[in-house]
Amino acid sequence: MTVFISRSLSAQSPLAAWAEAGGHNLLAHSLIDFRPVPFSPPGQADWWFFYSSRAVEFALLQGIPAVKLAAMGPGTAKTLQKLAGRVDFVGAGKPEEVAEAFGERARGQQVFFPRARQSRKTVQTLLDDQIRVLDDICYNNIAVPQQTPILAEVYIFTSPLNVSAYVDHQALTAGAGVIAIGPSTAAALTVRGVNCLVAASPDEEAVVSVLRALP
């Protein structure tokens, strides 16, 4: 079976390990171009909240702030732990649940959100009346339209922008399975008429669970 995922994978990738163990062909590359954007960190903040690993990588180019650090989900938390050596809050990845849990920790405090230009700003919007939101763009994410079809039996999309870069320009293989990581990615597929399965959490272990359950 040939499986495509719209992100690069690490050497310790659970998905790559699953593919190797099962003799599957795994195609892994992003359909997005990422570029840093100069930004000004706030002079005062109680927290920095990161929506993605990319936000961690680009925001921390200016140094590790002496504040508490929060991650949208486990994948972002791993990157924070690797680059900053700590993480003070880890969300479950679903915006509403993350906002509720983080709001309890940060209510009344100043929270800086270094983010992508295309970010939907879900958590900060949900918490706008509970925290003081500080916001800036630290990187730009631009869809790179796929120029040729990717022939796969399963497609795994990791963000709405990756969906746009592929589905708006190329057809999916007839009868292929489609897996979305996250509700916003699932919504981007649904609005384009693509039926998909949604991983239970925004990590590769959940994706592998979906793949193992496929007929």
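**Sheet, helix faces and domain contact**

Lys-78 and Lys-82 are exposed on one side of helix H3, exposed standing for over 50% relative accessible area, buried for under 20% and partly exposed for anything in between (1.4 Å probe, protein chains only). The model is a predicted one, so to speak of local features takes a pLDDT of at least 70 and side-chain atom pairs count only at pLDDT 80 or more, while totals for chains, interfaces and linings use all residues. Residues are numbered from 1 along each chain as its sequence is written, and side-chain values use heavy atoms, with hydrogens and water left out. Helices (H or I, at least four residues) and strands (E, at least two) are DSSP runs, numbered from the N terminus.

Back to H3, which spans residues 74-84: Thr-76, Ala-77, Thr-79, Leu-80 and Ala-84 are its buried residues. Viewed down the helix axis, they fall within an arc of 160 degrees, so they line one face of H3; the arc is taken from the directions that run from the helix axis to the C-beta atoms. That buried set packs against strand S4 (47-50), helix H2 (53-59), strand S5 (68-71) and strand S6 (89-90), where contact means heavy atoms within 4.5 Å. Just past the end of H3 comes Gly-85, with a positive phi of about 80 degrees.

Then there is the open sheet, with 5 strands in the order S2-S1-S9-S10-S11 and parallel pairing. The edges belong to strand S2 (25-28) and strand S11 (197-198), each with a single partner strand, so one side of each has no neighbour in the sheet. Pairing here requires that DSSP finds at least two bridges between two strands; strand S1 (residues 2-5) and S2 run parallel and are joined by 4 bridges. Ile-5 sits opposite Ala-28 in S2. Helix H7 (residues 183-190) packs on the sheet, touching strand S9 (154-157), strand S10 (177-180) and S11, and its direction makes about 140 degrees with that of S10. Helix H8 (residues 204-213) packs on the sheet too and touches S9, S10 and S11, with about 160 degrees between its direction and that of S9. For these angles, axes are lines fitted to C-alpha atoms (for helices, over the stretch in contact), and values run from 0 to 180 degrees between N-to-C directions.

Helix H1 (residues 14-22) has Leu-15, Trp-18 and Ala-19 buried. Down the axis of H1 these buried residues fall within an arc of 95 degrees, so they line one face of the helix. They pack against S1, S2, S9 and H8. Glu-20 and Ala-21, on the other side of H1, are exposed.

At the level of the whole chain, there is a division into domain 1 (2-32 + 143-213) and domain 2 (40-141), with bounds from an automatic or database domain assignment. Their centres, taken over C-alpha atoms, are 25 Å apart. In contact are 9 residues of domain 1 and 9 residues of domain 2. About 570 Å² is buried between the two domains, 65% of it from carbon and sulfur atoms. On the domain 1 side, Leu-161, Pro-183 and Pro-202 lose the most area to domain 2, together 48% of what that side buries. Buried area is the accessible area (1.4 Å probe) that two parts lose on being put together, summed over both.

Finally, Arg-117 lies in the loop between strand S7 (110-116) and helix H5 (122-126). Arg-117 is partly exposed, at 41% relative accessible area. Leaving aside residues up to four places away in sequence, Arg-117 touches Val-37, Ile-137, Tyr-139, Asn-140 and Asn-141. Arg-117 and Ile-137 are 20 residues apart in sequence and 5.6 Å apart in space, C-alpha to C-alpha.
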